[in-house]
Every structure is written in structure tokens, then in C-alpha cells.
Amino acid sequence: LEENFARRETDGKRFQLGIDAMQMGFSTMHHAPVIDQLRPLAMKLSSLSEDTVFLVIQQADQVLCLLREHGAFPVRIFTIGVGEKRLLGIGAGGLALLATHTDADIEMIYRRHEQTYRKSGLSLPMLLEKCHLTRRNGYSSIESTITPGVAGVGYAFSVSAITQVAFSFGAITPRLTGQRRTQMGRLLIDECTIWQQKRRITSFGLQNTTV
């Protein structure tokens, strides 16, 4: 308790991980197994799309960029770098992750960071509308939220029972409009779903081998 590796709940009977324990976990993110597992998929996505691909994971009310892969298209997107953080809902990957939360949770997150959201041109109704659209489409979509003239699509999915990540494409707006935006959203959904299915099959095979 004194070293902040644990904290006592208000009833005094239960304990949770403290700030320093969580920070120790976060500091190892760039060595996390999930990066090694998903790097081939990131490279495949960047090859198929020829655009910049980002992998992010939620960290409290923010997302942490774990990977960035550039495709063959000559205009590269540098809106976030590996190890950098951004508020949930601002980028395509962060919006995809935010949409997995309930509307009540989204409102609480917004209230905690209202000034930052407003600087990005997002009111609470606008943010909720974007999350609702993300749920309906299955993928998120942004345009000029972070950088004018840059658009993105993102998709969030589970890599374990308690962990979700999101992949996203970033490109100049003229390259990611209309039909192509829908195609890239479907590409994310399809490829990430295939990855999950293969992972489940592999895990099941390992379990049977162990038995």
C-alpha cells in the first residue's frame, strides 16, 4: 500500500492493483506478446491496403499505439507514433474501442475530458452518434478529426478474455472516401475475424495436445 502497488477499497476489506503496479505493466507494452502475435497481420493489412496501419490498445481513458506499418502508397500518415497516447474516440482505432463501451460509460469518459474533446470539435451528442454509427457499421470512420485532410477507419476486436485492441487504416481523405472506405472497413473486419478464428483453432489444438 505504501509503495502504491496496491490500494484498499473503501470498505477496507478488498484490495486492487495500485497505480505503480499498473504502470509497471504498461511499461512492458512494447515487449508484449500481443505485438509479436499481431505484427504479421499488421504487415498483411498494410500490404493489402497500401496504406498506413495502426495497432492501438486501451489504457485507462486513452489508447496506446503499439504498432505502425506503412504501405506502398507514397503519402504516409504519421498521426500517432509507437508509444504515443491519444484520448479514446479521437482516432479511428480509439473510436472503435470507445464504441465497445456503453453510452453511460462514454458519457463519463467525455465529462472527464470534455475540454480535449471540444478542442477536437466533438460534443457529447456528436461522439455518441459516431459510436452508434460504428456499432451499426461494424467499423469506425473519422475524417479530419486529428489532422485536416486525413481520414481513417478502425475495427476493435478481442485478443483475450479481458483485452481488446483495434487496427485502423489512415490515409489522405481523397483516398479514403465513399466505396473505398466501406471496402477498407470490411477488410479490417474480415482479416481480424480470420486471425481470431485461427488463434482459437491453435489454442484448442494446444489444449488437446496437453490433455
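**Close-up 1. One turn of helix α7, with D190 and R186.** D190 and R186 sit four residues apart in helix α7, so about one helical turn separates them. Helices here are DSSP runs of H or I with at least four residues, strands are runs of E with at least two, and both are numbered from the N terminus. The two side chains form a salt bridge, their closest N and O atoms 3.3 Å apart; the term means a side-chain nitrogen of Lys or Arg within 4 Å of a carboxyl oxygen of Asp or Glu. D190 is partly exposed at 36% relative accessible area, and R186 is partly exposed too, at 39% (buried is under 20%, exposed over 50%, partly exposed in between; 1.4 Å probe, protein chains only).

Before moving on, a word on the model. This is a predicted model, where local features need pLDDT of at least 70, side-chain atom pairs count only at pLDDT 80 or more, and totals for chains, interfaces and linings use all residues. Residues are numbered from 1 along each chain as its sequence is written, and side-chain values use heavy atoms, leaving out hydrogens and water.

**Close-up 2. K44 meets E191.** This salt bridge has its closest N and O atoms 2.9 Å apart. K44 belongs to helix α2 (residues 33-49) and E191 to helix α7 (residues 178-210), so the pair ties together parts 147 residues apart in sequence. K44 is partly exposed at 38%, while E191 is buried at 11%.

**Close-up 3. A salt-bridge network.** E107, R111, E114 and R118 are linked here. Within it, E114 and R111 have their closest N and O atoms 3.9 Å apart. E114 is partly exposed at 25%, as is R111 at 48%. The model's salt bridges come to ten.
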